[in-house]
Structures are given as structure tokens and as C-alpha cells.
Amino acid sequence: TNIAGEVVFSYILKSSVYYNALKILKNAGVIGGYPDGSFRPEREVLRVEALKMIFIALQEDVKESSDILFPDVEPEAWYLPYINTGVEEKVVKGYPDGTFKPNANVNIVEFYKMLFLAAKTDISPEIILDLPDGIQDTDWFAPYIQEAVRRNILDVPDSVFAPGESMTRGDIANALYKLYTLREKGLERFE
């Protein structure tokens with residue numbers, strides 16, 4: 001139990017950096033935990049899991065579909081409707097080799113691209129903000145990171161930004177919470 005207050009998920013203390021995000025998102029039905037009541041914020045997230053979390057947070061309609069668009073997607077996979085909706089809505093398109101890699105961890109730049117495309121956010125290709133160390137203005141993902149910084153959704157590290165770093169459940173919960181809050185309050189920037 002949590003002696004500091006309300007229990008959102010087991011092992012998540014009120015003092016946790018994830019507490020607020022988890023409380024709001026759980027109450028809104030955006031996230032759930034594991035059968036043991038835990039959330040495991042440190043666990044890395046698969047591409048298909050991230051896509052599902054984004055669609056739920058944005059209340060996007062996911063169409064039932066059994067079309068197989070990628071050779072590495074199983075016909076009976078639970079995530080098939082999410083991938084197919086993602087392709088139809090131009091949120092995801094797969095890799096140049098024609099695969100989707102559903103069981104690969106989602107990295108930071110893939111996540112923010114999916115998030116902003118799913119939210120139908122206008123993304124300016126012109127880089128006008130100072131980007132975190134480790135990102136060049138010419139990187140394909142620079143406009144998405146700029147938007148995340150502009151909206152204060154991305155927690156910029158003090159060290160060099162690692163675009164290929166995997167997102168954790170806690171990272172995604174914080175980002176979704178911030179975007180969810182902006183949409184609920186009609187704001188441009190999270191404060």
C-alpha cells in the first residue's frame with residue numbers, strides 16, 4: 001500500500017514522477033496495468049503497444065480489419081486492427097524493406113512522429129527552435145522533436161539526446177498525459 005495517499009498502481013508512490021500522469025490516464029481509461037496491479041513504468045514499449053496507447057489516448061476509432069499489409073505481421077495478431085488503422089490514417093507506414101517490425105521497441109523519434117500524425121498536428125518542416133544536443137536540423141525527425149519541445153511534451157535530457165533510445169511505459173504515459181491535458185484544456189503548451 002501507499003502510505004502517502006491514493007494508490008494508482010501498486011509500487012507507484014505519490015512522489016513518483018509518473019504518479020500524476022498515471023492517475024489521470026488510468027481514470028480516463030487510457031492506460032491499464034498488469035494483472036498484479038502494477039504498471040511497470042521502466043518497461044520498454046513495443047511499436048504496436050505504443051500505437052495502441054496513442055489511439056486510445058486520442059480516442060481514435062480503430063477499425064476491425066484482417067488485411068495483412070506487412071509480411072512480418074501475423075494474421076491473428078491482437079494488434080492487426082491498430083496497424084491497419086495506423087496505415088489507413090497515415091500514422092505509420094513501415095520500414096523501407098516492407099516490414100513493420102511490430103515486436104521492436106518504439107524509439108523516441110518514432111513515438112513522437114506517430115503521436116503527432118495520429119493527433120493530426122500541423123508540423124512545420126522549418127526548424128526555428130534550438131533542438132536538444134544530438135539532433136541536427138536536417139534529421140528527418142527534427143520537425144517532430146521540435147513540436148514536442150514547443151508544446152513542452154518532451155522532457156529534454158540534460159545530456160546528449162539519443163533519438164534511437166527506446167521509450168518506456170512511464171515516458172509514454174507522461175507524453176500522453178501532457179498531450180491529453182493540452183487537448184482537454186484547449187492549450188498549445190503544457191505548463
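Here are some friendly notes on this predicted model, point by point.

1. **Ground rules.** This is a predicted model, in which local features need pLDDT of at least 70 and side-chain atom pairs count only at pLDDT 80 or more, while totals for chains, interfaces and linings use all residues. Residues are numbered from 1 along each chain as its sequence is written, and side-chain values use heavy atoms, with hydrogens and water left out.

2. **Fold content.** The protein chain holds six helices and zero strands, so the element order from the N terminus is simply α-α-α-α-α-α. Helices (H or I, at least four residues) and strands (E, at least two) are DSSP runs, numbered from the N terminus.

3. **Overall dimensions.** Along the principal axes, the C-alpha atoms fill a box of roughly 50 × 45 × 30 Å.

4. **Burial and surface.** Of the 191 residues in the protein chain, 48% are buried. Here buried means under 20% relative accessible area, exposed means over 50%, and partly exposed lies in between (1.4 Å probe, protein chains only). The chain exposes about 10300 Å², with carbon and sulfur atoms supplying 49% of that area. Accessible areas come from the Shrake-Rupley method with a 1.4 Å probe, and for residues only the protein chains shown count as cover.

5. **Contacts along the sequence.** Taking the contacts between residues at least 6 apart in sequence, 64% join residues at least 24 apart. A contact means heavy atoms within 4.5 Å.

6. **Charges.** The protein chain carries 20 positive and 30 negative side chains, and the centres of the two sets lie 5 Å apart. Lys and Arg count as positive and Asp and Glu as negative, with His and the chain ends not counted. The place of a charge is NZ of Lys, CZ of Arg, CG of Asp or CD of Glu.

7. **Helix H1.** In H1 (residues 19-27), the buried residues are Tyr19, Ala21, Leu22 and Leu25. Viewed down the axis of H1, these buried residues fall within an arc of 165 degrees, so they line one face of the helix. The arc is that of the directions from the helix axis to the C-beta atoms. The buried residues of H1 pack against helix H6 (169-185). After H1 comes Gly29, with a positive phi near 80 degrees.

8. **Helix H2.** This one is worth a look: nine of the eleven residues of H2 are buried, so H2 is largely enclosed by the rest of the structure. The buried set is Arg47, Val48, Glu49, Ala50, Leu51, Met53, Ile54, Phe55 and Ala57. These residues pack against H3, H4 and H6.

9. **Helix H5.** H5 is also mostly covered, with eight of its nine residues buried. Among them are Tyr144, Ile145, Gln146 and Glu147. The buried residues of H5 pack against helix H4 (108-118).

10. **Phe161.** In the loop between helix H5 (142-150) and H6 sits Phe161, which counts as buried at 4% relative accessibility. Leaving out residues up to four places away in sequence, Phe161 touches Ile108, Val109, Pro132, Asp133, Gly134, Ile135, Ile145 and Leu154.

11. **Asn105.** The loop between H3 and H4 contains Asn105, partly exposed at 30% relative accessibility. Setting aside neighbours within four places in sequence, Asn105 is in contact with Glu44, Val45, Leu46, Arg47, Glu110 and Ser166.

12. **Two positive phi values to check.** Most residues other than glycine have a negative phi. Gln59 is not a glycine, yet has a positive phi of about 55 degrees. Gln59 lies in the loop between helix H2 (47-57) and helix H3 (80-88), and is exposed, with a relative accessible area of 63%. Asn152, also not a glycine, has a positive phi of about 60 degrees. Asn152 lies in the loop between H5 and H6 and is partly exposed, at a relative accessible area of 23%.
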